[in-house]
Structures are given as structure tokens and as C-alpha cells.
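Reader: I have a chain open and want to go through it piece by piece. Can you take my questions as they come?
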Amino acid sequence: MMKPMTAAAFAATIALSGCLSGGNSKSAENAAAESVGAANPYLWRATLDTMSTLPVVSADPIGGLVIYDWKTYEDAPAERIKATVYILDSRLRADGVKVSVYRQTNKDGTWTDAAVDAETGQQLENKILERARLLKASELS
């Protein structure tokens, strides 16, 4: 398994080699994405769109990881949620995205972990996939 810095350097080398040889930049981008295992761009964009109400802590498009910070909503001030999205494939596939949702409740000024409905992560995954398919379809039209 390549380390992130090695993977980034490898991707840059492939991209630059396409520029220097006068090759097609599209094929250089595709080669870099396939070689490094970069996240699917449709799933990546769909993740950012779908989860836009949560603040982003960290986003790694090469590794396909988006970590969101805690957010409290007005209609439930004693509860907060956060999520982590893993984009697992460079292809647009139903099993290419995984969402982990975390929830805490405030009891006497202390945030404590609380159960999350098992369907929540699956529903978010479906929304991301739906949005990714729409993005791809709009680009092809």
C-alpha cells in the first residue's frame, strides 16, 4: 500500500509526463486516477453536496475520505451529529460509498454517545449515490 505522499507524487509524475510528452491530458488524468485509486469524482461531488449542512473537518479526494464535525440543529439543541464518508472505489458503484454517522446527547452539560438508527447511514449512502448518478447523467447529456 502506498503512503499518501508517495501516492500524490506518483500521480503528479503521471500527470506531468502526459504534459511533457505532448500526450492527451485526459488520458494522463485517467491514468493518475486509476494508479493512485483516487475517489470517484461523481461520488466525491455528491458527498460534498449531500452533506453540505455539516462542517467539513478534513477532506482527502485522493484517499476518498471526508470527515465532518459535530453539528447541532435548532429543533434538537440537546443533540448533535457528525459523519465520516468513505469513498471506496474510483468507479461509480453502489458499494463505492460508506457513511458512518455518530450522535451525542447533552445531559447536564456533558455530551455522551447515543445510539444511531442503523438505517441513517444507509439512507445517506443512497442519497449520495442518487446525486452522483444525476451528476454523471447531466454531464453526459
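Author: One term to start with: a residue is called buried under 20% relative accessible area, exposed over 50%, and partly exposed in between. Ala 59 has a relative accessible area of 42%, so Ala 59 is partly exposed. Also, this is a predicted model.

Reader: Where is Ala 59 placed, and what does it touch beyond four places in sequence?

Author: Ala 59 lies in strand E1, residues 56-60. Leaving out residues up to four places away in sequence, Ala 59 touches Trp 44, Leu 65 and Val 66. Trp 44 is 15 residues from Ala 59 in sequence, and their C-alpha atoms are 9.7 Å apart.

Reader: Predicted, then. What is the mean pLDDT of the chain?

Author: The mean is 81, with 74% of the residues at 70 or more. Residues 1-36 have a pLDDT below 50, and that stretch makes 16 contacts in the model beyond near neighbours in sequence. Where pLDDT is low, the predicted coordinates should not be read in detail.

Reader: Which elements have the lowest and highest confidence?

Author: Helix H1, residues 4-20, is lowest at a mean of 39, while E2 is highest at 98.

Reader: Next, the core. Which residues of the largest nonpolar core touch the most other members?

Author: Leu 43, Met 51, Tyr 68, Val 85, Val 97 and Ile 128, out of 19 residues in that core. The elements giving two or more residues to the core are helices H3 (41-50) and H4 (118-140), and strands E2 (65-68), E4 (76-87) and E5 (97-107). In soluble globular proteins, nonpolar side chains tend to be buried together.

Reader: Take Leu 43. What is it in contact with, sequence neighbours aside?

Author: Outside four places in sequence, the contacts of Leu 43 are Ile 87, Arg 91, Leu 92, Gly 96, Val 97, Ile 128, Leu 129 and Ala 132.

Reader: Now the surface. Which residues form a nonpolar patch there?

Author: Tyr 86, Leu 88 and Tyr 102 do, with about 290 Å² of accessible area together. Tyr 86 sits in strand E4. Tyr 86 counts as partly exposed because its relative accessibility is 32%, which falls between the 20% and 50% cut-offs.

Reader: Backbone check. Which residue has a positive phi although it is not a glycine?

Author: Asp 108, with a phi of about 55°. Asp 108 is in the loop between E5 and strand E6 (110-114).

Reader: Is Asp 108 buried or exposed?

Author: Exposed: the relative accessible area of Asp 108 is 82%, and the cut-off for that label is over 50%.

Notes:
Residues numbered from 1 in each chain as written. Predicted model: local features only at pLDDT ≥ 70, side-chain atom pairs only at ≥ 80, totals over all residues. Heavy atoms only, no water. Core = buried A, V, L, I, M, F, W, Y, C linked by side-chain atoms within 4.5 Å. Buried < 20%, exposed > 50% of the residue type's maximum accessible area, 1.4 Å probe, protein only. Contact = heavy atoms within 4.5 Å. Patch = residues over 30% accessible without salt bridge, like charges linked within 9 Å, V, L, I, M, F, W, Y side chains within 5 Å. Areas by Shrake-Rupley, 256 points an atom, 1.4 Å probe, with all protein chains shown as cover. Salt bridge = Lys/Arg side-chain N within 4 Å of Asp/Glu carboxyl O. pLDDT = per-residue confidence, 0-100.
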